[in-house]
Amino acid sequence: MKVKDCMCKDVVFVKPDCCTEECAKLMCENHIGCIPVCDNSNKVVGLVTDRDILLRTIGCGKEAKNTPVSEIMTCNVTCCTPETDVQAAENAMSENQIRRIPVMENNKIVGILTLGDLAKNKEVNTESVCETLENICDCDKKNAE
């Protein structure tokens with residue numbers, strides 16, 4: 001199965017100069033835990049999670065109204081394509097301890113694949129998804145690097 005068969009195609013994204021507060025509102029309105037940050041050509045340049053907002057904004061005493069997402073986003077984002085095999089995307093999630101992968105085509109964002117998307121898909125091996133989640137949550141793996 002390919003990523004395009006189970007990814008979310010309705011992707012909300014922000015520009016690097018978007019304030020953190022607006023980004024958080026978009027997350028709330030769309031019931032999502034992360035938002036890709038894209039440049040003017042819709043190429044992913046970062047990713048902001050709800051945890052980033054909490055730890056890198058509020059936890060650091062920054063004002064969400066005045067802090068652009070470019071200051072708190074994770075850079076060097078792992079991406080895949082719609083044609084990537086789901087197992088390869090799942091392996092990338094496991095290896096990088098991430099729950100979401102933006103899907104790019106012709107250097108533009110076209111979707112996002114989440115661990116939830118994999119868990120909901122009946123064609124994806126449930127044991128494999130559980131193992132991926134276990135690897136993502138493995139603190140020992142993070143601390144060893």
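Cys18 is buried, with a relative accessible area of 15%, where buried means under 20% relative accessible area, exposed over 50% and partly exposed in between, with a 1.4 Å probe and protein chains only. This is a predicted model, in which local features need pLDDT of at least 70 and side-chain atom pairs count only at pLDDT 80 or more, while totals for chains, interfaces and linings use all residues. Residues are numbered from 1 along each chain as its sequence is written, and side-chain values use heavy atoms, with hydrogens and water left out.

**Cysteines**

- The sulfur of Cys18 lies 5.4 Å from the closest cysteine sulfur, which belongs to Cys19, and this is too far for a bond, given that a disulfide is a pair of cysteine sulfur atoms within 2.5 Å.
- By this rule the count of disulfides is zero, and for Cys8, which is in no disulfide, the nearest cysteine sulfur is that of Cys34, 10.0 Å away.
- Cys8 counts as partly exposed, at 29% relative accessibility.

**Strands 1 and 2**

- Strand 1 (34–38) and strand 2 (44–49) pair in the antiparallel sense over five bridges; strands (E, at least two residues) and helices (H or I, at least four) are DSSP runs numbered from the N terminus, and two strands pair if DSSP finds at least two bridges between them.
- Within this pairing, Ile35 has Val48 of strand 2 as its bridge partner, and Cys38 has Val44 of strand 2.
- The hairpin of the two strands has five residues between them, and there Asn42 takes a positive phi near 65°.
- Five of the five residues of strand 1 are buried, so strand 1 is largely enclosed by the rest of the structure; Cys34, Pro36 and Cys38 point one way from the strand, whereas Ile35 and Val37 point the other way.
- Strand 2 is also largely enclosed by the rest of the structure, because five of its six residues are buried.

**Helix 1**

- In helix 1 (residues 20–30), the buried residues are Thr20, Cys23, Leu26 and Met27, and they lie on the same side of the helix because they cover an arc of only 120° around the axis, the arc being that of the directions from the helix axis to the C-beta atoms.
- On the other side of helix 1, Cys28 and Glu29 are exposed.
- The cover over the buried residues of helix 1 includes strand 1, strand 2 and helix 2 (50–57).
- After helix 1 comes His31, with a positive phi near 55°.

**Nonpolar cores**

- The largest nonpolar core has 13 residues, and those with the most contacts inside it are Val3, Met93, Ile101, Val103, Leu113 and Leu118; such a core is a set of buried Ala, Val, Leu, Ile, Met, Phe, Trp, Tyr and Cys residues joined through side-chain atoms within 4.5 Å.
- Helix 3 (86–96), strand 3 (100–105) and helix 4 (115–120) are the elements that give two or more residues to this core, and the largest share, four residues, comes from helix 3.
- A second, separate core of twelve residues includes Val14, Cys23, Met27 and Ile53.
- Not counting residues up to four places away in sequence, the residues that Val3 touches include Cys80, Pro82, Val86, Val103 and Leu113, where contact means heavy atoms within 4.5 Å.
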